[in-house]
Amino acid sequence: MTVPATVAELVRQFRANGRIVIVGASLAGLRAAEALREEGFTGSLTIIGDEPYEPYDRPPLSKQVLKGWVPADHTTLPRLREVNAQWRLGVTATGLDRAAKQVRLADGEQIPYDRLLIATGTRARQWPNPDEAALDGVYTLRSRDDAAQLQKALAAPPSRVMVIGAGFIGSEVASVCRELDLPVTVVERGSAPLVGALGGVIGEIAAEMQRDHGVDLRCGLGVSSLEGDSGGHVRRAHLSDGTIIDADVVVASLGSIRNVEWLEGAGLASGFWGVGCDAGGRAFDINGVVTDSIYVAGDVARSPHVLYEYQFLAMEHWDNAVLGAEAAAHNMVNLEPHYRPHLLLPGFWSGQFGLNIKSVGVPPFGDEIVFTQGSVKERHFAAAYGRRGRIVAAVTFDHGKWLEYYGKLIEQSGPFPPPPPGWDQPPDMKPIPAEFPQPGVPTAIPDVVLTGHDPSERAAEFRPRRR
């Protein structure tokens, strides 16, 4: 038998009899399982999840669920095909033995694998004071249970809601509160809402938008402490300037934490920003050597991107979870030269205060911004971000139909300022500084993060921020 024939037979045998374990019953985990079956894998497939639920959709949690339009338990993701998997739900993965190729579970069981996909995603960062975090009325928003509990609290209704952190989730929660006619105070350490993700120029527009909708927005401040009553329910918050705000619902929107603790000691390039992998989803070990049997997908993955100087990107986006999982699944059951890269151009959308905000590319990679279409005054516009004479990102407020145009320019490393499409160019198209915060300035961590060139992250020191 020739070498190519032998290799083809080994692939065929693995597809028929191999053992694949997916840790993370998430969007990425489910779509990877479906893709594996679509690729012809008929072997053993195990999906492990720490929540007791099958994979569910997260974007509706901060929108339709909080408004009371959709019950939290109605967000289960549809199956695109039968996956014929063994589901291990409600049990946490606590360790990885790469030598024995086993995943250790909290109940003591060891699950063997031939190929492993890490899709453990992220969790909400809790309020840093455990006693204050335990007060009734203090919430985070990440899981289905989080959304159900917060929706019930908002429906009570509370006398005032305080949102700590004005990133996308915090801003969407504030928007829902105003739609429900609830008084809401938003406290943000940065200079404006969304400043970490979109920069200070767009942040000021977002700040004006929030205030116009009745939000009590306090920027440049932190929350020093939360105070409860004798019954253990939160009643007020003490701000860093000495102000005291009465609130009986507090939402801590402090960003997310990648679920990588269970990988401690496994020798993988895992850390604060997730698990380092190549563009095909293959995990790096701590020395930057690619592994052959471990793959990563979804929010927990960080991989180099050709359009952004091969810096590692960590992306908390729906499309990244789906397309990254499909690429990883394909590569798990194929060999060179059939590997497939995952080089998604990042993009996101957020519905808040009656507007649809969409972005493509990596805005924090840019240092300049130019308004290319529409009207800032009417909050109906498109703007592009540039770096060293080329376009690297774009953002639109209720102008999303042009996003594909800007995306193609970014993929082609088009010029900055870009040639604007359409007819609604603003009178002043002069680039100005985008005003992103300097590294180390406390603010909301954006959904797309540039994390440098080191797959092991060992060159950097990261310190959790306090609000």
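Author: Happy to! A salt bridge is a side-chain nitrogen of Lys or Arg within 4 Å of a carboxyl oxygen of Asp or Glu. This is a predicted model, in which local features need pLDDT of at least 70 and side-chain atom pairs count only at pLDDT 80 or more, while totals for chains, interfaces and linings use all residues. Residues are numbered from 1 along each chain as its sequence is written, and side-chain values use heavy atoms, with hydrogens and water left out.

Let's start with aspartate 299 and arginine 142, which form a salt bridge whose closest N and O atoms are 3.1 Å apart. This pair links distant parts of the chain, 157 residues apart: aspartate 299 sits in the loop between β21 (290-296) and β22 (301-304), and arginine 142 in the loop between β9 (138-139) and α5 (144-155). Here helices (H or I, at least four residues) and strands (E, at least two) are DSSP runs, numbered from the N terminus. Aspartate 299 is buried, at 12% relative accessibility; buried means under 20% relative accessible area, exposed over 50%, and partly exposed in between (1.4 Å probe, protein chains only).

Next comes the salt bridge of aspartate 107 with arginine 88, again with 3.1 Å between the closest N and O atoms. Aspartate 107 lies in the loop between β5 (102-105) and β6 (110-112), and arginine 88 in strand β3 (residues 86-89). Aspartate 107 is partly exposed at 48%, whereas arginine 88 is buried at 16%. Together with Glu109, Arg88 and Asp107 are linked in a network of salt bridges. In total, the structure holds 24 salt bridges.
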